[in-house]
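Subject: Structure handover

Hello,

Here is the structure for you to open. My notes on what turned up follow below.

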Amino acid sequence: MSDMTRNVKAARECSVCVTLMGLVEKAAREYDRSAETDARVRLRRHALAAHGQELPLPW
Ligand SMILES: [Zn+2]
């Protein structure tokens, strides 16, 4: 298993990551750039704080 695959799996199993990724996707769907940026920043901060790494996000 590659590091990237493992990291994505960890993110899918973390409820905070899942929630924040949902917010990013929702904002992107609604073309709400400020909400999208905000959600990405929160997701990035959470990933670093809770998982000690940047997430290899699929975008
Ligand atoms: Zn997480």
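The protein has 3 helices and 0 strands. Helices (H or I, at least four residues) and strands (E, at least two) are DSSP runs, numbered from the N terminus. From the N terminus, the order is α-α-α.

Two notes on reading this. It is a predicted model: local features need pLDDT of at least 70, side-chain atom pairs count only at pLDDT 80 or more, and totals for chains, interfaces and linings use all residues. Residues are numbered from 1 along each chain as its sequence is written.

Burial: 15% of the 59 residues count as buried. Buried means 20 or more other C-beta atoms within 10 Å of the residue's own, exposed means 12 or fewer, and partly exposed lies in between; C-beta atoms are placed from the backbone.

Contacts: among those with a separation of 6 or more, 39% join residues 24 or more positions apart. Two residues are in contact if their C-beta atoms, placed from the backbone, lie within 7 Å.

The core: the largest nonpolar core has 7 residues, namely Cys17, Leu20, Met21, Val24, Ala39, Leu43 and Ala47. Helix 2 gives the largest share, 4 residues. A nonpolar core is a set of buried Ala, Val, Leu, Ile, Met, Phe, Trp, Tyr and Cys residues joined through C-beta atoms within 7 Å.

Most residues other than glycine have a negative phi. Tyr31 is exposed, with 8 other C-beta atoms within 10 Å.

Best wishes
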